[in-house]
Amino acid sequence: MAMSHLYCGRVLQAYPSHGEFLCRGRRDYDVFDKINLMDMGEANEMVLALAMQLCVLEDDDDEFSWYSSWLDECPDSVLEWLSHSLPCHFVTGRANIGVEEFAIEVISKLLSSSSSPSNQIIANCTLLACVMVGIQFDKKDIVQIDKSSALPRFADALLAQFQKVIWAYDGGDLDTDNTGVTRRAWNLLDVICRILEPAKQYYSPSYYTMQNLDMCRKIYSRARSSEQNHPWGLLNALQNALHFTLTAVHVSRDPAQLWYNQLFWTADPHSPEDFDWLVDYLEYIQYSDEEAVSDILLLLDVMKVRCSPAKQHQFFESLIACMGSDMPVHLRHAALRAAHNAREEIASIDTIDDAKLRDMILTKFSPAILTAVCPQPGATLSDDDPDRFFHYDRDLCYLELIFALARNSNWHPHLFGDHHVDRCIAIIAKCRFAEHAFYLAGIFLRIAPGQLSVTSLDSIAEQQWWDMISGAWSYSYRIFDDIHCLEFLPVLVESTRKYMQIASEYSLEALIRNVDYVLQRLESRDSEQGEGEGDNIVVAVKELRTVASDMLEKLVDSKEVISP
């Protein structure tokens with residue numbers, strides 16, 4: 001009778017005169033069957049149908065077939081009511097496989113809505129997932145109508161328990177699990193991220209990324225094993241597991257967030273070899289599953305993975321494929337980010353022992369980098385197109401990569417021949433007041449001395465040189481964490497002295513302010529680290545400041561003489 005009161009109450013709210021349905025001594029199913037035979041007018045037939053299905057489980061131990069196809073027609077209010085009611089069946093141990101599948105479908109429908117779900121719906125779905133994976137709660141949590149205030153507690157508990165259950169699964173027969181918890185967790189992989197992503201602000205990020213990746217590795221191994229004639233189910237689970245690994249550490253998969261540093265801390269030690277399987281997986285699915293490829297590249301990016309020597313050739317081949325002009329923009333950009341992370345290894349091209357790998361990087365990878373940035377040279381695109389001529393974050397990532405390559409003279413012919421220098425010249429006007437100016441100046445000034453005939457650089461006007469160099473100083477005080485940027489400062493000093501002859505009074509004042517910022521950072525750094533190469537840089541920057549101050553003083557004096 002408890003079930004009759006719980007579910008029939010929804011009908012009686014609309015039809016209070018039909019209290020005769022609540023009859024003592026009758027099974028819940030019989031009560032609802034009688035209601036079903038009556039003309040209830042506008043009574044919610046979907047709620048009634050659900051009540052009949054649910055109470056079969058309470059009244060009868062037999063398996064009962066659940067039909068979820070009509071959930072597509074359910075209004076959100078019915079789905080919300082379901083998300084509140086279904087946990088009762090799990091905590092009382094009356095949920096069969098049909099109920100499990102039905103519950104997952106309800107979660108999926110609620111959290112796939114075009115509108116953002118309310119905190120109450122998120123909390124309902126989170127609690128439902130919690131009880132499915134064996135988390136115990138007080139009865140008050142189960143019956144409380146508005147659970148939104150408990151969402152942080154539910155979300156933290158779900159993440160912790162879900163990880164433990166999935167880690168323990170060894171790939172055996174899920175049906176041998178008497179508790180059903182492992183089977184439910186495995187099936188929840190389809191929707192776990194739909195639950196956690198809207199609750200991201202309410203749970204603490206996981207510290208166990210490597211354990212989650214090890215779980216992914218085991219799934220991949222099973223999918224690739226000779227025993228798996230049809231691996232697609234496991235590959236689908238692997239994609240969901242990778243998605244979960246990212247979600248657990250609050251990493252957004254939104255392409256618009258790609259350019260922001262999404263760093264996280266992991267308690268697990270790791271080496272480049274730990275990611276060899278991911279490189280294999282990337283090659284395995286690079287032409288068949290764009291979403292999985294994107295997740296792999298994103299993981300490698302946010303974890304700042306250094307590819308092991310054994311997988312470098314394979315890794316760069318995959319990046320070249322992902323940078324192709326026919327690839328979706330988010331994949332090209334994700335591959336560019338991965339290349340950016342590997343820029344130090346790529347820059348040291350002459351230290352790579354594998355001749356075939358060196359040749360591939362110089363002849364195929366270099367032009368692919370430009371394709372990732374500019375797949376349609378000369379095309380006119382709208383200002384909001386991700387492939388537009390100048391994209392602040394994309395081009396900053398690109399310039400930082402080319403800046404690193406320009407340190408090595410072995411790269412210079414390829415930077416010219418593959419039109420990277422032309423690309424850099426083309427965007428000078430867009431970069432005058434941005435940090436891009438520092439990297440542009442570094443690229444051009446590192447290349448120019450070693451070239452006997454640099455016709456491309458001849459096209460850069462004197463005023464453009466000064467705008468670029470003065471712009472570089474406005475960013476220089478922020479680059480002290482990068483030793484290679486710091487090493488470039490003496491070159492920037494010399495070039496500044498060369499081009500500052502055309503500087504205006506205003507730009508000289510701005511230069512002196514920025515040079516002062518740099519000096520403060522240099523002196524502070526040297527006081528912490530002691531004497532070293534930084535002393536020579538300090539001397540060069542101080543001399544530049546003196547020259548700039550003298551020039552400004554002369555410029556001001558000359559104006560006073562000329563003025564009446």
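**Exercise 1.** List the residues that line the second largest cavity, then sort them by element and by class.

*Solution.* Start with the names: Ile166, Trp167, Tyr169, Trp186, Met215, Lys218, Ile219 and Arg222 line the second largest cavity. A cavity here is a set of points, on a 1 Å grid over the protein atoms alone, where a 1.4 Å probe fits but cannot get out, and lining residues have an atom within 4 Å of a point.

Next, the elements: α9 (151-168) and α12 (209-224) give two or more residues each, and α12 has the largest share with four. Helices are DSSP runs (H or I, at least four residues), numbered from the N terminus.

Then the classes: six nonpolar, no polar and two charged. Ala, Val, Leu, Ile, Met, Phe, Trp, Tyr, Cys and Pro count as nonpolar, Asp, Glu, Lys and Arg as charged, and the others, Gly among them, as polar.

A word on the model: it's predicted, local features need pLDDT of at least 70, side-chain atom pairs need 80 or more, and totals for chains, interfaces and linings use all residues. Numbering runs from 1 along each chain as its sequence is written, and side-chain values use heavy atoms, with hydrogens and water left out.

**Exercise 2.** What is the volume of the largest cavity, and which residues are closest to its centre?

*Solution.* Volume first: about 80 Å³, meaning the space filled by probe spheres set on grid points joined across faces, edges and corners. Now the centre: of 13 lining residues, Leu300, Val305, Arg306, Cys307 and Phe315 are the closest. Finally, α14 (276-285), α15 (290-302) and α17 (329-341) each give two or more residues to this lining.

Conventions: On a 1 Å grid over the protein atoms alone, a cavity is a set of points where a 1.4 Å probe fits but cannot get out, and a pocket is an open set with protein on both sides within 12 Å along at least five of seven lines; lining residues have an atom within 4 Å of a point.
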